[in-house]
Amino acid sequence: MALERLFRRRRAQGEVRDVPELWTRCPSCDAPIYKKDLEQNLYVCPKCSHHMRFPALRRIESLADAGTFEQTTRLKPADPLEFVDTEPYVKRLERYQKEAGRPDAIVGGRCLIGEVPSVLLVMDAAFAGGSMGSVVGEEIARGAELAAQENRSLVIVSASGGARMQEAALSLMQMAKTTLALDRLWARRLPYVSILTDPTTGGVTASFAAIADVIFAEPGALIGFAGPRVIKQTIRQDLPEGFQRSEFLLKHGMVDRVVDRRKLKEAVTRVLRQFVGGARAAGV
Amino acid sequence: MRVPLEFEKPILELETRIAELEKYAQESGVGLEGELSVLRERLKKLQDDTYGNLTRWQRVQLARTPGRPTTLDVLGGVFQDFFELCGDRTFSDDPAIVGGLAYLEGTPVVVCGQQKGRDTKENIQRNFGMPHPEGYRKAMRLMDLADRFRQPFIAFIDTPGAYPGISAEERGQAWVIAQSIQRMARLRVPAIAVILGEGGSGGALAIGVGNRVLILENAWYSVISPESCAAILWRDAKEAAKAAEALKLSAPDLLQLGIVDRVIPEPGGGAHRDPATTLANLKTALLETLAELKDLGPEELFEDRYRRFRGLGVYAE
């Protein structure tokens, strides 16, 4: 939730950089990068391999087999609490929708991944910091149930600051709802791979993202329960270098592997093919 | 003596005055019944006006008031022969979550809940009711016992939230909360969750996946505390009262949203003013809720819980 602001700050910083339009700079090593090259390299810096934010639709293209993706997400947010802080929630939603070009912070549907029939859901951190309200929760639950019904694997790419404050307790309930829906996959012995990207924190980490059969994290992603700012305020100490980054989580046993974005499809395919058991799926 | 809340002060002052006058009248034999009855009427009106129109922020303050029944008070006062079990079998015992075996009017049950301290020293020992991962692992152990021996699982929620610290993150706070939600969701026995005081976010929900969720009248339950919400959205934690209103975190709000199934009434002025009545009300609610669930089989109980949480959320097609 706090991350929403962090993003805005980061983006604003990026915009003041003085580089010609076709070029951009790596926020990590500052190398000038030709934008077309960056896109082709899946938004990973060709010089230092820093993983930048990856637009949700490009993410789908990078994982789904070409031409197989069929979108199923379609829900729109409501404002059940008529929430107003410094600005009404409905106004914020309108702005996020305009900025992100989608109704809420998730997009996904049916596809093949390495020829394995799957449901792929991708969270969009560009929309309200990727926060989970009723729409994200419902789409994930429906995605899991769809996979169970149609005998598909489930792959979820998380990017979220956590639960959405403006839907308050209803957002909190999405943690239980998504977790419960995954049970349908379990009952059918269908695999679920969770991919954690920068950032995955709060109620998303503490629900569906953390209870997959296999968990991958992209390099350098911020992943945790509480945000670093909250922890710093609580303990009144500086946080150790690399704290809550993917490599830290690997070391502490919370994820199976840290996988470079350019190798993710290969890694996901490897897992899905073994679990769906099939010589047929593996093309052997 | 606890420090009274701002809105309680006029009531407490009037109560003191009436008590003094009563004592004086008795000792001196002076007839003050006329004056006393005026004051008593004024007190009743003041109580009705204050307690009948509590703001959400006032309720949050009541939910945090010392003297309010904690999990251990409930386990001692509502159940018989509470027998504590400790440890997560992996790392340590977390005093911020307590649990064990108990009987409720003769029915064997497994119980668990977050435990705040009843004074500063105990609060420090119990980390102000903010569990570490080992606390949730202990809770999951207890859920395993409930399933294995087919006994209802009853959880009491009273936490500002799961502890946000370095060691908690290192040991997978998010992971255990997710696992605990999943474990409780999978119970094949009746599961009841009761929010006693504070229901702070995922750290509360981790033991909140009941077939029925009950809440004490002045408890709160939301995705974030009003202070943290205000710090983020208003950029000022002092706007917590506004955040409490916006979050609609009170028991009546939650009942309306379907997030809780039943509000347990508190005596006038809040649970801390009369813990015995509060516990009696809680016991009645628990017995009635258990009776509602007693005819459901193991799979029906799971599906009932699935439907309950699956249906929560508001969106447009």
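Visitor: How many salt bridges does the structure hold over all chains?
Guide: The count is 52. Remember that the model is predicted.

Visitor: Which residue does Asp65(A) meet in a salt bridge?
Guide: Lys265(A). The N to O distance is 2.5 Å. The two sit 200 residues apart in chain A, so to speak of location: Asp65(A) is in the loop between α3 (56-63) and β3 (70-71), and Lys265(A) is in helix α10 (residues 264-275).

Visitor: Is Asp65(A) buried or exposed?
Guide: Buried, at 13% relative accessible area. The cut-off for buried is under 20%.

Visitor: And what does Lys265(A) count as?
Guide: Partly exposed, because its 24% relative accessibility lies between the 20% and 50% limits.

Visitor: Switching to chain B. Where is the partner of Arg64(B)?
Guide: In helix α10 (residues 226-234) of chain B. The partner is Glu227(B), with 2.7 Å from N to O. Arg64(B) is in the loop between α3 (56-63) and α4 (71-77), 163 residues away.

Visitor: What relative accessibility do those two have?
Guide: Arg64(B) has 30%. Glu227(B) has 26%. Arg64(B) counts as partly exposed, and so does Glu227(B).

Visitor: What does Glu33(B) pair with?
Guide: Arg40(B), at 3.6 Å from N to O. Arg40(B) is partly exposed at 32%.

Visitor: Which residues are linked in a network of salt bridges?
Guide: From chain A, Arg74(A), Glu138(A), Arg142(A), Glu145(A) and Lys177(A). From chain B, Arg310(B) and Glu317(B).

Conventions:
Residues are numbered from 1 along each chain as its sequence is written. Chains are lettered from A and ligands numbered from 1 in the order in which they are written. This is a predicted model: local features need pLDDT of at least 70, side-chain atom pairs count only at pLDDT 80 or more; totals for chains, interfaces and linings use all residues. Side-chain values use heavy atoms; hydrogens and water are left out. A salt bridge is a side-chain nitrogen of Lys or Arg within 4 Å of a carboxyl oxygen of Asp or Glu. Helices (H or I, at least four residues) and strands (E, at least two) are DSSP runs, numbered from the N terminus. Buried means under 20% relative accessible area, exposed over 50%, partly exposed in between (1.4 Å probe, protein chains only).
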